Amino acid sequence: MAKFNSRILTGDFEDLPLEDSNIVRIFISSTFGDFINERNHLVKETFPLLIQYCQSKGLEFQAVDMRWGVSDENVSYHQTSDVCMQEILNCQRLSVGPSFVVLLGDRYGYRPLPARIPPDEFSLFQDLCSHHNLDFSLLATWYCLDNNAVPPVHCLQPIISHFPQYSSSDSILRDRAQKRWWETFQKLQKLLWKLITIAKRRGKMTQDRAHIYCQSVTESEIHSGLTGLNDPDKHCLCYVRRIAGLHNNLMDNMASRYTDVDQSDPSLLNKEAQNLLDKLKNERVFPALSNSNIMKFDIPWKPGGIDPDQSDHRLYLEQLCRQFYADVIRLIDQALVNRAVKLPPLFLEVLHHARFCQSKCQSFCGQKDLLGKIKEFLKSKKRNPLIIYGKSGLGKTSVMAKAIYSVRNWLGPNCVTVVRFLGTTPNSSSIQDVLLSISSQLCEIYNIKTPDFNRMDYMEIVQYFRNEILEALRLSGKDKLVIFLDSIDQLTSANSAHAMNWLPKLLPPNVYIVISMLPEKHNCLKTLNSVLPNPECYIRLDDMPLCTGLEIFNVWLAEAGRTITPSQRAIITASFTKCPQPLFLKLLFRHASQWHSYTCTDSIVFGASTLEVLSQFYRDLERVYGEMLVQRALGYITAARSGLSESELEDVLSLDNDVLNGVYQYWDPPIDGVVRVPGLLWKRIYHSIREYVVEQQANGKTVLAWYHRQFVESATRR
């Protein structure tokens, strides 16, 4: 481990270790209507205890309850299942220990239409319709071939494309459109199931493939939650509830909420759905988990269903909550025992910047001339710092990252590289913390005795860095050292950081410092020009060449498994020509990656600047996560003078009645008298904007702030 740590400390960023998480994030899967009481009791009784327990272990507890967070846009565009599957993957990726919990009852649940149908199966359905005199026009109307997908696929069209009033604010128009969609849904489902039955009978489709078209949302979630794991017992739990007497009381109006009934006659069971439920339990869930991870509860049926006021039902809910708490803690503790040895803060800081560098190098293309200039400077005998500058959005950080990855090829494998992407961590936000961190790292690398930095003030740290550390490196005459400091403008103004007095203007022969900055912000460039007038120390980053931009764009498309049509490509080319900046191109890509080959180009209009495209980006977020929630969340971050911590943001959002009304549009708050925004809703927004937001230190707290100045300007305009 010591040798491994040393390799990363000296700037070798190949084969980085996986990032440890401090989050326990659990996806709660169940059919919704019949498990309202269980979910609400967990939120009220168990989750607060788990939050406290996780905090005592230095962890953050998050429960993913999809009752909140699925917008009208998701429903209309048939994205609900995709949203759920992505959240399950996020839980598996992030969670320490448990990541998936399923509550199984007596109901198989809602079975959606497939959002996508492969071309070969779509052609099979067309042939079967022809041979069996079935109406194929319904499928042809609702499924369109998308050649932008790689490979191509037939996509289910948005509900609003045929029923534009589906999400209308007019309740009469909305109810009428929703009724028409439900009738269409049933016709489509009946036709597809009939075609699948014929295809299986004729040997044209396997049983497993056919089942995908007929499975419930809950089964899809269970499949995703249990697969892709080396040992599901370390991450998954199952709670099974059986209601005795339920099937003998199907005439009760509430019985259909708790089991599958025949649509034409609610007094009869839907035997097909019940058989699928039995297979799900006995063939998929129970074999995947050990008995210690499967808990079963038997309760009697009561008129009206689960009733917490009934003593036996109340006892069941209490037992469920206690068992849930004990099981989750057991899996958390197991995971903590198996975690790697806790790494020192300095190494974690270096590791963060190494990973950040690695992420910025992904899909990097072009800029050979600029990288050549950096290489030439570092191979020269110049003893001044190198300053790379350019306006926001030109890709300075990516260029710095690529130079960092290339420097050992330029200067030799023994070259030591120290890297800080300023403003991306709490300890890289103030110049005092940055110099202290770099000095500590250099002491570790070169075996220099580390002083007691806690006894040193800012000026003493500056003098130690300039006189002691750099002088020791000069006297050693050993391998070259290159210090990269990206985005000087991201430093806080504490200790007059932007006056640049901390930066050595003359360096030892074997030491180089490369910094990047915005030319105007805080007058950093003007200040440096006055004390470092040599023009050879400056490299200006200009607009990106069109050929480079299109090359990067094609790489992004390939990584996303997408392409675009010639007419759509022409729009991208024309737009990028107006604003040839990497950030602008990235925002264009976010739009283009969602285009279908049948997307009408007449309606595609981009602004001529990054600010205009950012406004479109914000509107897209509002459609996905809710207009009011996104507007207020991003508005509060923008308005906060020194940034907001995530807990502060959740508190502010929970005091905003407009936000609360939007969040609880379809489901009531789980705790009477306590109305807060579920923290997960913000987490999902944060996941979508994460690459544009940084964590900084302000007033002793870790706060969120925009990384690019254009995001502040665009949000302010809105």
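This is a predicted model: local features need pLDDT of at least 70, side-chain atom pairs count only at pLDDT 80 or more; totals for chains, interfaces and linings use all residues.

Colleague: Are α4 and α10 roughly parallel or roughly antiparallel to each other?

Modeller: Look at the angle at which α4 and α10 pack, about 25°. Angles under 35 degrees count as roughly parallel. The two helices, α4 and α10, are therefore roughly parallel.

Colleague: How many residues of the contact of α4 with α10 are charged?

Modeller: On the α4 side the contact is made by S81, C84, M85, I88 and Q92, and on the α10 side by V217, S220, E221, S224 and G225. These residues divide into four nonpolar and five polar, and the number of charged ones is one.

Colleague: Is S439 buried or exposed?

Modeller: S439 lies in helix α17, residues 431-446. Leaving aside neighbours within four places in sequence, S439 is in contact with F453, Y464, F465 and I469. Its relative accessibility is 0%, and buried means under 20%, so S439 counts as buried.

Colleague: Which residues touch the most other members of the largest nonpolar core?

Modeller: That core has 81 residues. I515, for example, is in contact with residues including L386, M400, I488 and L528, leaving aside neighbours within four places in sequence. The residues touching the most other members are I374, L378, I488, W502, I515 and M517.

Conventions:
Residues are numbered from 1 along each chain as its sequence is written. Side-chain values use heavy atoms; hydrogens and water are left out. A nonpolar core is a set of buried Ala, Val, Leu, Ile, Met, Phe, Trp, Tyr and Cys residues joined through side-chain atoms within 4.5 Å. Buried means under 20% relative accessible area, exposed over 50%, partly exposed in between (1.4 Å probe, protein chains only). Contact means heavy atoms within 4.5 Å. Axes are lines fitted to C-alpha atoms, for helices over the stretch in contact, and angles run from 0 to 180 degrees between N-to-C directions. Helices (H or I, at least four residues) and strands (E, at least two) are DSSP runs, numbered from the N terminus. Angles under 35 degrees count as roughly parallel, over 145 as roughly antiparallel, 65 to 115 as roughly perpendicular and the rest as oblique. Ala, Val, Leu, Ile, Met, Phe, Trp, Tyr, Cys and Pro count as nonpolar, Asp, Glu, Lys and Arg as charged, and the others, Gly among them, as polar.
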